[in-house]
Amino acid sequence: MSEPIFELEQVQQVYDGRTVLDISQLTIHKGEILALVGPSGAGKSTLLRLLNFLEPACKGTIRFDGQVATPELDLVQRRRVTTVFQRPLLLQRSVRANLRYGLGLRGQKLAEAKEEEWLARLGLAELADQAAPKLSAGEAQRVALARAVVTQPDVLLLDEPTANLDPSNVGIIESIIQEENQCSGMTVVLVTHNIFQARRIAHRTALLWAGELIEVAETEQFFSAPGREETAAFVRGDTVY
Ligand SMILES: Nc1ncnc2c1ncn2[C@@H]1O[C@H](COP(=O)(O)OP(=O)(O)O)[C@@H](O)[C@H]1O
Ligand SMILES: [Mg+2]
């Protein structure tokens with residue numbers, strides 16, 4: 001496996017005196033798709049917030065591409081990481097305007113040919129000038145994903161990006177994630193409730209449980225020969241979550 005993009009050591013996050021995340025060690029490799037699964041409240045979204053520098057960890061060290069992530073980490077570094085949330089906030093403007101937004105913030109322009117290519121790829125060519133609030137949930141999520149990806153982040157963090165979407169939308173979104181990973185080497189951390197999705201597209205899968213990393217393994221091994229009883233129970237669907 002290639003070099004690390006993130007290295008976490010003894011990272012803890014504490015809210016109101018309660019430790020919700022306690023990760024002794026985690027390495028995320030450049031160019032991998034890492035799925036993060038676990039019951040509700042396990043700390044998955046909290047971990048993504050730390051990886052996106054949205055809040056500092058109470059304890060421990062997070063190294064991003066060799067550099068310790070502090071609140072002072074500069075904007076150029078921060079922009080190398082982008083999150084797509086489960087319920088994306090789109091601009092109340094057209095699909096096109098949303099696609100152009102991220103690069104616009106950086107003082108760059110989305111090339112016209114690229115824009116058309118993205119609209120086709122998203123299956124949204126006919127809705128290019130549609131106002132975002134009128135889109136279905138699946139269409140909106142496709143736009144949110146594309147809006148993040150056009151800025152070419154090195155790391156894409158996805159927080160349950162396909163929860164409550166129908167299979168056709170799930171398929172389009174998974175294809176885009178895989179293509180960007182394969183063609184641009186984009187590192188992806190995918191939080192998902194859908195263990196089948198993890199099995200379909202992740203290289204490695206990690207189980208987070210009550211804030212602790214129980215197991216991190218190659219996806220096939222995670223599902224077919226888990227090393228921990230908690231993982232086996234989770235994979236069997238015995239865990240209520
Ligand atoms: N800002 C916050 N203040 C207090 N508690 C929080 C905050 N954010 C998350 N929590 C708590 O931390 C735990 C982990 O939450 P979260 O990371 O959202 O879990 P998951 O995404 O795995 O469902 C939960 O018990 C949640 O209530
Ligand atoms: Mg969450």
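Biologist: What order do the six strands of the open sheet come in?
Modeller: In this predicted model, the order is β6-β7-β8-β3-β9-β10, and the pairing is mixed.

Biologist: And which strands stand at the edges?
Modeller: Those are β6 (81-84) and β10 (212-218). Each has a single partner strand, so one side of each is left without a neighbour in the sheet.

Biologist: How many degrees are neighbouring strands turned against each other on average?
Modeller: The average is 15 degrees, with direction ignored.

Biologist: Back to β10: how many bridges join β9 to it?
Modeller: Six, and the two strands run antiparallel. Strand β9 covers residues 204-209. Within this pairing, L208 stands opposite L213 in β10.

Biologist: Which strands does helix α5 touch where it packs on the sheet?
Modeller: Helix α5 (residues 137-149) touches β6 and β7 (155-159). The direction of α5 makes about 175 degrees with that of β6.

Biologist: New topic: which residues surround ligand 1?
Modeller: Y15, D16, V20, G38, S40, G41, A42, G43, K44, S45 and T46. They divide into six polar, three nonpolar and two charged residues.

Biologist: Which helix gives the most to that shell?
Modeller: Helix α1 (residues 44-51), with three residues.

Biologist: What about the largest nonpolar core: which residues touch the most other members?
Modeller: A35, L36, V143, V189 and L190, out of 61 residues in that core. Helix α5 turns up here too, giving the most to this core with seven residues.

Biologist: Which residues does A35 touch, leaving out those up to four places away in sequence?
Modeller: A35 touches L190, T192, A198, A202, T205 and A206.

How values were computed:
Residues numbered from 1 in each chain as written. Chains lettered and ligands numbered in written order. Predicted model: local features only at pLDDT ≥ 70, side-chain atom pairs only at ≥ 80, totals over all residues. Pairing = 2+ DSSP bridges. Helix = DSSP H or I, 4+ residues; strand = E, 2+ residues; numbered from the N terminus. Axes fitted to C-alpha atoms, helices over the stretch in contact; angles between N-to-C directions. Contact = placed C-beta atoms within 7 Å. Near = placed C-beta within 6 Å. Nonpolar A, V, L, I, M, F, W, Y, C, P; charged D, E, K, R; others polar. Core = buried A, V, L, I, M, F, W, Y, C linked by C-beta atoms within 7 Å. Buried ≥ 20, exposed ≤ 12 C-beta atoms within 10 Å, placed from the backbone.
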